[in-house]
Amino acid sequence: MYKFVLDADGAIKLAKAGVLERLAENSNCIIPQEVYAEVLRGKEKMRQDAFITETLVNEGKLGVVENAKTEKKKPGEDFALAAFKTQKADAVITDDTKFISSLKRENIKFIIPSDIVVWLAKKGELSKQEGLTALEKMRASIREDAYTESVSLIRGEQNDDDSLPA
């Protein structure tokens, strides 16, 4: 079973798309305490993704890990990176462009949320329609090329294996 670390961006987008629970059922998902706190701040504005994430944590489907010590200036990203290393995760789930650049520099595997939707659909954990609906829900908050490619993959217009992108 894959082990993923979610940053706030990844958790929020997947929760908004309605697939965070499916991901948590099909992998070991963890989120650092600081990142979890950042997501929960959305409850103040009644953001549904914050309530979904909280429910998954309370049900034990999404694990919260202690923050590793970091001296850098971007706590959420730094804690996600530290959790990736200490938890020996397979990848970080994020769609944050600056964070992705940092992960690439350190040769750390990452997966963007739209690719998670494709993976779940290819695994049969989401129907094609559920996958397309999830992508539509996150469309306004992801890059258009990622959306278009993911839709094409789910529809079967492009060949792809069922493995996770890296």
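**Figure 1. The largest nonpolar core of the predicted model comprises 37 residues.** Within this core, the residues with the most contacts are Leu-14, Leu-23 and Val-117. Helix α7 gives the most to the core, contributing six residues. Apart from this core lies another one, of 16 residues, which includes Ile-30, Phe-84, Ala-89 and Phe-110.

**Figure 2. Surroundings of Val-117, one of the residues with the most contacts inside the largest nonpolar core.** Neighbours within four places in sequence are left aside in this view. Val-117 is then in contact with Leu-14 and Val-19, and also with Leu-126, Gly-131, Ala-134, Leu-135, Met-138 and Ile-154. Leu-14 is likewise among the residues with the most contacts inside the core.

**Figure 3. Packing of helix α1 (residues 8-16) against helix α7.** Two packed helices are described by the angle between their axes and the distance between the axes. For α1 and α7, the angle is about 50 degrees and the axes are 9 Å apart. The two helices are therefore oblique to each other, and their crossing is right-handed. On the α1 side, the contact is made by Gly-10, Lys-13 and Leu-14; on the α7 side, it is made by Pro-113, Ile-116 and Val-117. Leu-14 and Val-117, which take part in this helix contact, are also in contact with each other.

**Figure 4. An aromatic cluster formed by Tyr-2, Phe-4 and Trp-119.** The structure holds three aromatic pairs. In one of them, Tyr-2 and Phe-4 are stacked, with 5.8 Å from centre to centre and 15 degrees between the planes. Tyr-2 also pairs with Trp-119 in an edge-to-face arrangement, at 5.7 Å centre to centre and with 80 degrees between the planes. Tyr-2 lies in the segment before β1 (3-6), whereas Trp-119 belongs to helix α7 (residues 113-123), so this pair ties together parts that are 117 residues apart in sequence.

**Figure 5. Accessibility of the residues in the aromatic cluster of Tyr-2, Phe-4 and Trp-119.** Phe-4 has a relative accessible area of 0% and is buried. Trp-119 is also buried, with a relative accessible area of 4%. Tyr-2 has a relative accessibility of 34% and therefore counts as partly exposed, because buried means under 20% and exposed means over 50%. Tyr-2 is the residue that forms a stacked pair with Phe-4 and an edge-to-face pair with Trp-119.

Definitions and conventions
Residues numbered from 1 in each chain as written. Predicted model: local features only at pLDDT ≥ 70, side-chain atom pairs only at ≥ 80, totals over all residues. Heavy atoms only, no water. Phe/Tyr/Trp six-rings, centres within 6.5 Å; stacked < 30°, edge-to-face > 60°. Buried < 20%, exposed > 50% of the residue type's maximum accessible area, 1.4 Å probe, protein only. Helix = DSSP H or I, 4+ residues; strand = E, 2+ residues; numbered from the N terminus. Core = buried A, V, L, I, M, F, W, Y, C linked by side-chain atoms within 4.5 Å. Contact = heavy atoms within 4.5 Å. Axes fitted to C-alpha atoms, helices over the stretch in contact; angles between N-to-C directions. Parallel < 35°, antiparallel > 145°, perpendicular 65-115°, else oblique. Left-handed = near helix turned anticlockwise from the far one by under 90°.
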